[in-house]
Each structure stands twice: as C-alpha cells, then as structure tokens.
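Good morning, and thank you for making time for this presentation. Please look at the sequence and the structure as I bring them up.

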Amino acid sequence: MHESQAVLALGALAHPQRLRVFRALVVAGLGGLMPSVMADQLGVARNTLSFHLKELSHAGLVTFEQQGRNLIYRADFSQMNGLLGYLTEHCCEGATCEALNSGACTPT
C-alpha cells in the first residue's frame, strides 16, 4: 500500500459512523450485508448509510456486488490488511515486536 492509499483509507475511517459501518462489515465476514440490514443494525437512515458506503468504497475499503435486486456490501479484507501492514511495516525498527499482541514493543 502506498502512502496516498493509506491516507485515503484512514480519512474514510476517521468518521465515527463510517468506522461503525466498516466494523459491521468486518464482523459480517465474507457474506457481507445488505444496506437495509446495516441501516437497521446501526440505526442509521438509509440515505446517510449510502453516503458512508460510497466514501468507504472510494477509499477501497468496501466492495459491493449486485445479487438480483439486492446489493451486498463486503469489507475488502485485502485492503484492510494492506493498511494494517502499512502501519506496522517498520514496527519496533525491526526488533522482535509484541505490539500487535500486547500493545508494547519488546526489543531483542
């Protein structure tokens, strides 16, 4: 992942409602969710949800597919993992790092 992609993704996640939407899609896994289900789960108006899904999609964090008359939205796990990898790529300056498990780096 490039810096500009990371900035776009982090910017999209920097809104509380979009972060909730993205987390709901992560929890749903590969099966994804229909917008109506997400709107009900999150207590969000459908037009507001549509705006947030568009922003997440533009940032590459969410994909969608049409199944009949329904749209199914999914978290893009490869993009999510790319963002996490970008953020942790040089963690602890190459030392053994326990940061992802314990929240602290342990140099060796």
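Leaving aside its neighbours within four places in sequence, which residues is Gly-31 in contact with? They are Ile-72 and Arg-74, where contact means heavy atoms within 4.5 Å. Gly-31 itself is found in the loop between α2 and α3. Its C-alpha lies 8.6 Å from that of Tyr-73, although 42 residues separate Gly-31 and Tyr-73 in sequence.

Before I continue, a word on the basis of these values. This is a predicted model, in which local features need pLDDT of at least 70 and side-chain atom pairs count only at pLDDT 80 or more, while totals for chains, interfaces and linings use all residues. Residues are numbered from 1 along each chain as its sequence is written, and side-chain values use heavy atoms, with hydrogens and water left out.

Let me turn to the overall architecture. The chain has six helices and two strands, and these follow one another in the pattern α-α-α-α-β-β-α-α. Helices (H or I, at least four residues) and strands (E, at least two) are DSSP runs, numbered from the N terminus. Of the 108 residues in the chain, 30% are buried. The terms here are buried for under 20% relative accessible area, exposed for over 50%, and partly exposed in between, with a 1.4 Å probe and protein chains only. Among contacts with a separation of 6 or more, 51% join residues 24 or more positions apart.

With neighbours within four places in sequence set aside, Phe-22 is in contact with Leu-13, Leu-56, Leu-61, Val-62, Ala-75 and Met-80.

Ala-12 counts as buried because its relative accessibility is 6%. From Ala-12 to Leu-61 the C-alpha distance is 8.6 Å, across 49 residues of sequence.

How are helix α2 (residues 16-28) and helix α3 (residues 35-42) arranged? They pack at an angle of about 120°, with their axes 11 Å apart. Axes are lines fitted to C-alpha atoms, for helices over the stretch in contact, and angles run from 0 to 180 degrees between N-to-C directions. The two helices are therefore oblique to each other. Angles under 35 degrees count as roughly parallel, over 145 as roughly antiparallel, 65 to 115 as roughly perpendicular and the rest as oblique. On the α2 side the contact is made by Gln-17, Arg-20, Val-21, Ala-24 and Leu-25, and on the α3 side by Met-38, Gln-41 and Leu-42. By class, five of these residues are nonpolar, two polar and one charged. In this scheme Ala, Val, Leu, Ile, Met, Phe, Trp, Tyr, Cys and Pro count as nonpolar, Asp, Glu, Lys and Arg as charged, and the others, Gly among them, as polar.

Gln-41 of α3 is exposed, with a relative accessible area of 52%.

Ser-36 counts as partly exposed, at 25% relative accessibility.

Finally, the axes of α2 and α4 come within 10 Å and cross at roughly 75°, so α2 is roughly perpendicular to α4. In α2, Gln-17, Arg-18, Val-21, Phe-22 and Leu-25 meet Leu-49, Phe-51, His-52, Leu-53, Glu-55 and Leu-56 in α4. The contact of α2 with α4 has seven nonpolar, two polar and two charged residues.
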